[in-house]
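Open the model in your viewer and keep the selection tool ready.

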Amino acid sequence: MALDQSSIPNNVDLSSDRRLQRALEQWQPNFLDWWKDVGPEGFQSHEVWLRTAISVEAGGWAHFDYVRMPDYRWGIFLEPQQADKKIGFGDVQGAPVWDEVPGEHRNALRRIIVTQADTEPASVEQQRLLGKTAPSLYDLRNLFQVNVEEGRHLWAMVYLLHRYFGRDGREEAEELLQRRSGSSDKPRILNAFNEPIADWLSFFMFAMFTDRDGKYQLAALAESGFDPLARTTRFMLTEEAHHLFVGETGVDRVIQRTAQIMAAGKEPRAEGAVPLEIIQKYINLWFTLSLDLFGGEISSNAADFFAAGLKGRFREDGYEEHKGLGTYKMQTPGEAGKLVEEDVPLRNAMNEVLRDEYVKDCQRACDRWNKSIGKTGLTGVSVKLPHRRFHRGVGPFAGLPYSPDGALLSQSEHAAHIAHWLPSEEDFAYVRSLMHPVTARGQMANWIAPPSKGIDGLPLDYEYVKPPAA
Ligand SMILES: [Fe+2]
Ligand SMILES: [Fe+2]
């Protein structure tokens with residue numbers, strides 16, 4: 001479909017629906033006020049080498065240029081509609097997909113969309129101060145790329161709310177701009193999105209682990225019987241891939257730098273780098289916080305969403321059976337936390353099924369990090385993912401004293417060790433003490449290795465972010 005040249009770039013023929021277009025044009029200045037108020041602080045008039053989605057066609061959607069962030073063309077893009085598309089799973093498997101919201105699923109779908117939508121502006125708010133301490137212009141640009149795209153993901157969700165949910169949807173869209181990450185009276189919906197991200201190692205961990213939860217949630221919604229949601233999330237996933245790249249390679253580069261120093265027989269602290277123990281603690285923290293975002297291990301909501309065709313599995317096509325009628329073997333804490341094995345109806349285990357895919361993906365990244373350590377010549381050290389029973393705040397293991405190896409401890413033993421497993425205030429303060437801006441072209445902060453290449457074929461010393469022209 002041709003690009004609609006209204007003030008809101010889109011491929012949904014927005015100009016043919018005057019009421020909708022007007023409603024979104026009224027929301028637009030509020031969005032911009034929000035962006036200027038709590039978006040990246042101190043860089044609103046810088047020129048940033050950004051990628052902008054201008055259409056969904058392969059190759060056409062990634063257009064690079066210098067842009068001042070408030071001028072970014074946030075648009076609405078859905079993957080093209082497929083003829084005769086059928087719902088792929090649940091009780092409604094084989095029925096035609098829905099182009100409008102079925103009345104009986106209206107509340108559930110609105111809740112699903114609002115919960116996803118809320119994370120997008122929340123992450124921009126959490127990261128708003130990071131630009132002041134970026135380790136390089138390359139990283140600074142990547143931060144801003146992630147930020148503007150999370151803004152576009154908000155647009156994607158707000159379009160669905162406005163177009164398909166009437167007055168309720170418009171009210172929800174307003175509230176998305178009113179809640180604030182970390183606010184005491186109007187916080188963001190999910191807990192992990194109310195924690196400030198005060199240092200770049202946290203940012204890389206967030207983009208690696210927390211954004212990756214987002215990938216799996218979007219992938220499950222990309223299967224939805226509500227076709228506009230499926231088509232929107234499919235396109236969001238193409239942008240999301242870059243965020244995950246920023247996170248995974250960011251953590252990798254911090255690990256590389258530390259391993260290089262250790263391989264040379266030196267102390268990371270003495271060299272102004274991050275000791276491997278602290279990196280491991282950050283992994284323990286962000287991996288487990290992100291595991292919680294998948295929801296409880298046994299969930300009637302998850303069962304209902306699957307049965308109704310609202311939310312499928314990761315790559316539902318790859319499964320043989322699509323009704324979800326089997327069982328799932330799950331270990332749960334019985335008496336006093338001792339593990340028992342249970343056969344859980346598969347539909348009730350859908351959160352865990354999605355979490356399994358996520359854990360596999362995180363393990364793949366972790367293996368890569370260990371390869372990077374190996375390449376420095378350093379032996380006998382590695383990083384690892386903690387057990388998924390460790391440090392849980394949601395589900396049957398929430399609050400139970402399991403170790404990162406998955407062993408059940410006494411409360412006192414657990415308390416005695418926790419400072420070895422999760423970052424302490426001192427650890428955070430140490431990492432923060434390393435955060436100084438590096439703004440010369442091609443230069444890197446000392447605590448991070450350079451990336452293997454620049455952005456979109458450009459050299460590493462390209463001026464990815466420029467101060468405003470005088
Ligand atoms: Fe996003
Ligand atoms: Fe993202």
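Select α2 and α3 first. In this predicted model, α2 passes α3 in a left-handed crossing. Now color the residues that make the contact. From α2, pick Ile113, Gln116, Ala117, Glu120, Pro121, Ser123 and Val124. From α3, pick Asn147, Glu150, Gly151, His153, Leu154, Met157, Val158, Leu160 and Leu161. What kinds of residues form the contact of α2 with α3? Nine are nonpolar, five are polar and two are charged.

Next, look along the two axes. α2 covers residues 106-126, and α3 covers residues 137-164. Their axes come within 8 Å and cross at roughly 155°.

Second stop: select Lys86. Lys86 sits in the loop between β2 (63-68) and α2. Is Lys86 buried or exposed? Lys86 has 12 other C-beta atoms within 10 Å, so it is exposed. Leaving aside residues up to four places away in sequence, Lys86 touches Gly94, Ala95, Pro96 and Val97.

Click Met330, then find its bridge partner in β4, Glu342. Finish at the hairpin, where five residues lie between the strands. There, select Ala336, which takes a positive phi near 50°.

Key
Residues numbered from 1 in each chain as written. Chains lettered and ligands numbered in written order. Predicted model: local features only at pLDDT ≥ 70, side-chain atom pairs only at ≥ 80, totals over all residues. Pairing = 2+ DSSP bridges. Helix = DSSP H or I, 4+ residues; strand = E, 2+ residues; numbered from the N terminus. Buried ≥ 20, exposed ≤ 12 C-beta atoms within 10 Å, placed from the backbone. Contact = placed C-beta atoms within 7 Å. Axes fitted to C-alpha atoms, helices over the stretch in contact; angles between N-to-C directions. Left-handed = near helix turned anticlockwise from the far one by under 90°. Nonpolar A, V, L, I, M, F, W, Y, C, P; charged D, E, K, R; others polar.
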